[in-house]
Amino acid sequence: MNLSFLDKWRKHPEAVRSAAAPAPGDEDAEGIADLLSECDLLRGQAASAGVELDDSVGSLEALDQLLPAWRSDPEVAPWLGNDAGLYLGTVLVRTVPGARWKIWPGGEPVVRLSSGREIDVVTAGHEWADSGVPELSQLYAEVAES
């Protein structure tokens with residue numbers, strides 16, 4: 001699936017990680033959270049399957065139940081994986097007390113828990129998009145427990 005407007009709007013997934021994320025040390029936590037929560041491709045795919053992504057734990061469970069039609073499209077899977085990771089991070093930041101976004105020096109967004117543990121949600125999202133493992137809801141449960 002070749003959508004040329006996406007190529008202009010979103011660069012390659014590696015570029016998105018550094019371009020979409022503010023520099024380390026930026027203190028606009030709300031702005032960062034808003035930017036990282038967009039996940040337009042994932043939201044569109046979910047909506048077309050009848051799943052509403054309302055930034056809740058239940059929506060992660062609904063995503064885990066989707067038939068992974070995107071896996072047959074090598075152009076969509078990387079974008080979707082990036083969005084899935086950012087969406088997982090959005091749910092964590094909005095529902096787990098003390099969780100917040102942190103930008104690593106290379107520009108990759110991670111979720112930092114109040115314990116200091118950092119979760120590489122983008123990598124988890126790519127793994128989910130590629131193979132379905134780990135399930136987003138299961139990863140959320142494991143992270144929320146700690």
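1. Leaving aside neighbours within four places in sequence, Leu63 is in contact with Leu42, Ala46, Leu53, Tyr87, Trp128 and Leu136; contact means heavy atoms within 4.5 Å. The model is a predicted one, in which local features need pLDDT of at least 70 and side-chain atom pairs count only at pLDDT 80 or more, while totals for chains, interfaces and linings use all residues. Residues are numbered from 1 along each chain as its sequence is written, and side-chain values use heavy atoms, with hydrogens and water left out.

2. Which residues touch the most other members of the largest nonpolar core? They are Leu42, Leu63 and Leu88, in a core of 39 residues. Such a core is a set of buried Ala, Val, Leu, Ile, Met, Phe, Trp, Tyr and Cys residues joined through side-chain atoms within 4.5 Å. Two or more residues come from each of helix H3 (29-36), H4, helix H5 (57-64), H6, E1, helix H7 (121-131) and helix H8 (136-145). Helix H6 gives the most to this core, with nine residues. In soluble globular proteins, nonpolar side chains tend to be buried together.

3. Leu42 lies in helix H4. This residue is buried, with a relative accessible area of 2%; the term buried means under 20% relative accessible area, exposed means over 50%, and partly exposed lies in between (1.4 Å probe, protein chains only). Not counting residues up to four places away in sequence, Leu42 touches Leu53, Leu63, Leu80, Asp83, Ala84, Tyr87 and Trp128. The C-alpha atoms of Leu42 and Gly81 are 8.5 Å apart, although 39 residues separate the two in sequence.

4. Helix H4 (residues 40-48) packs with H6 at an angle of about 95°, and their axes are 7 Å apart. H4 is therefore roughly perpendicular to H6, a description that applies to angles of 65 to 115 degrees, whereas angles under 35 degrees count as roughly parallel, those over 145 as roughly antiparallel and the rest as oblique. The contact is made by Asp40, Leu41, Leu42, Arg43 and Gln45 of H4 together with Trp79, Leu80, Asp83, Ala84 and Tyr87 of H6. These residues divide into six nonpolar, one polar and three charged. In that division, Ala, Val, Leu, Ile, Met, Phe, Trp, Tyr, Cys and Pro count as nonpolar, Asp, Glu, Lys and Arg as charged, and the others, Gly among them, as polar. Axes are lines fitted to C-alpha atoms, for helices over the stretch in contact, and angles run from 0 to 180 degrees between N-to-C directions.

5. Is Ala49 buried or partly exposed? Ala49 is partly exposed, with a relative accessible area of 45%, and its place is in the loop between H4 and H5. Its C-alpha atom is separated by 7.5 Å from that of Leu66, which is 17 residues away along the chain.

6. Eight helices and three strands make up the list of elements. Helices (H or I, at least four residues) and strands (E, at least two) are DSSP runs, numbered from the N terminus. From that terminus on, their order is α-α-α-α-α-α-β-β-β-α-α. Of the 146 residues of the protein, 44% count as buried.

7. The strands form an open sheet in the order E1-E2-E3, with antiparallel pairing. E1 and E3 are the edge strands, each pairing on one side only. Helix H6 (residues 77-95) packs on the sheet and touches E1 and E2, and its direction makes about 130° with that of E1. Two strands pair if DSSP finds at least two bridges between them.

8. Strand E1 (residues 100-103) is joined to strand E2 (residues 109-112) over four bridges in the antiparallel sense. Across this pair, Lys102 stands opposite Val110, and Ile103 stands opposite Pro109. Their hairpin has five residues between the strands, and in it Gly107 takes a positive phi near 100°.

9. E2 pairs with strand E3 (residues 118-119) over two bridges, again in the antiparallel sense. Ile119 is the bridge partner of Val111. The hairpin of E2 and E3 has five residues between the strands, with a positive phi near 100° at Gly116.

10. The buried residues of H7 are Val121, Val122, Ala124, Gly125, His126, Trp128 and Ala129. After this helix comes Gly132, whose phi is positive, near 85°.
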